[in-house]
Amino acid sequence: TAQLNDLAVRAGLKYFGTALGESAVNNDANYKRIVTNKSEFGQLVAENGQKWESTEPSRGSFNYASGDITANTAKASGQGIRCHTLVWHSQLPNWVSSGSWTKDTLTSVIDTHMSNVMGHYKGQCYAWDVVNEAINDDGTWRDSVFYRVFGTDFLPLSFKLAKKYDTNAKLYYNDYNLEYNGAKTNRAVEVVNIIQAAGAPIDGVGFQGHLIVGSTPSRANLATTLRRFTALGVEVAYTELDIRHSSMPPSSAAQVTQGNDYANVVGSCLDVAGCVGVTVWGFTDKYSWVPGTFNGAGDALIYDTNYNKKAAWTSVSSVLAAK
Ligand code: G3I
């Protein structure tokens, strides 16, 4: 049987990818065998290793041990990488989030961070998530050290700096719950407008795609939402797809619904010129952030805990093959 990245490329996408769990790949041979299969996953993204707390845990001291796990794994198997993430309120070390900064001093902190981290991975990243999750679910701006110091000026500022350090990487704004086309989505449109109006470069918007079985929008509605962004001249991608069951264990009917939901998401990407690829946020239910964050929820991925392909895997492969 054909595998997901091969099918995705044949269907006109650039890649089908997955997040790579740094500890899973080091400790679980079955995990490693699948995650390094280029026919299945053409692109990898570090689940945690490139975040600020990992790469610059204290000011000016850079560490790439964890981020390089993904970069080196991908290189060894001929896979690409997406890079994640530079300016984010979470997994941000205290020295940044609690510093008392002026615009000038915080600009220099961001500049130094980008110059080092983007310099280290230069030429390897298909895309960088330059700014991650700047919006609350109700559409208001998220409170963060970046927003407090700059207001929305941190958006164009971050993208301008990013362009200096890796001219070839696609520069993305990345967020979750954009799929519902509500107040948060409207604000994300404004993010793109603000960046473009300031003359700063933005190439893409990442739809994280942390969705819920039975509450995932239809293929047509998802495509409509993606097109709001491609109409602005940027590409789009699903960057962290997982679709969780809210009650566990899922019934077999719920497994079928999950498969349909996955097919709708992947299908919407196929329907939109300018949707370049799909990345799942891990592939096996053995390792996922979901149960730790949403009490009672789980089984959000396309392989089960024993590395068997689920109905969701089959749905994804069918929708890709049908294109
Ligand atoms: O590495 C430490 C380890 O040293 C320590 O002993 C252990 C004890 O808690 O924690 C480990 O760190 C954990 C880290 O994952 C690595 O496993 C953190 O506690 C845990 O909070 C962290 O969770 C990550 C989460 O982002 C944090 O925000 C998840 O793995 C990761 O899947 C998740 O990914 C995010 C995306 O980056 C952005 N979008 C949402 C998505 C899901 O939350």
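In which loop is Asn181 found? Asn181 is found in the loop between strand E5 (170–175) and helix H10 (183–197), where helices (H or I, at least four residues) and strands (E, at least two) are DSSP runs, numbered from the N terminus.

This is a predicted model, in which local features need pLDDT of at least 70 and side-chain atom pairs count only at pLDDT 80 or more, while totals for chains, interfaces and linings use all residues. Residues are numbered from 1 along each chain as its sequence is written.

**View 1. Two residues with positive phi, Asn181 and Asp299.** Asn181 has a phi near 55°, a positive value in a residue other than glycine, and Asp299, which lies in the loop between H13 and H14, has a phi near 45°. Most residues other than glycine have a negative phi. A residue is buried if 20 or more other C-beta atoms lie within 10 Å of its own, exposed if 12 or fewer, and partly exposed in between, with C-beta atoms placed from the backbone. Asn181 counts as partly exposed because it has 15 C-beta neighbours inside 10 Å, and Asp299 is buried because 23 other C-beta atoms lie within 10 Å.

**View 2. The surroundings of the ligand.** The ligand is surrounded by Glu47, Asn48, Ser90, Gln91, Gln208, Glu240 and Trp289, a residue being near a molecule or strand if its C-beta atom, placed from the backbone, lies within 6 Å of it. By class, this shell has 4 polar, 2 charged and 1 nonpolar residues; here Ala, Val, Leu, Ile, Met, Phe, Trp, Tyr, Cys and Pro count as nonpolar, Asp, Glu, Lys and Arg as charged, and the others, Gly among them, as polar.

**View 3. Strand E9 and its partners E1 and E8.** Strand E9 (residues 275–280) is mostly covered, with 6 of its 6 residues buried. Strand E1 (residues 15–20) pairs with E9 in the parallel sense over 4 bridges, two strands being paired if DSSP finds at least two bridges between them, and Gly17 has Thr279 as its bridge partner in E9. Strand E8 (residues 235–244) also pairs with E9 in the parallel sense, over 3 bridges, and the bridge partner of Leu241 in E9 is Val280. From E8 the chain crosses through helix H12 (residues 252–271) to E9 in a right-handed β-α-β crossover, a term used if, with the strands pointing away from the viewer, the path from the first strand over the helix to the second runs clockwise.

**View 4. The contacts of Tyr307.** Tyr307 has its place in the loop between helix H13 (290–293) and helix H14 (311–321), and Tyr307 is partly exposed because 15 other C-beta atoms lie within 10 Å. Leaving aside its neighbours within four places in sequence, Tyr307 is in contact with Asn30, Ile34 and Thr284, contact meaning that the C-beta atoms of two residues, placed from the backbone, lie within 7 Å.

**View 5. Two cis peptide bonds, at Thr85 and Pro249.** The peptide bond from His84 to Thr85 is cis, with omega near 0°, and Thr85 is found in strand E3 (residues 80–87). A cis peptide bond also joins Met248 and Pro249, with omega about -10°, and Pro249 lies in the loop between E8 and H12.
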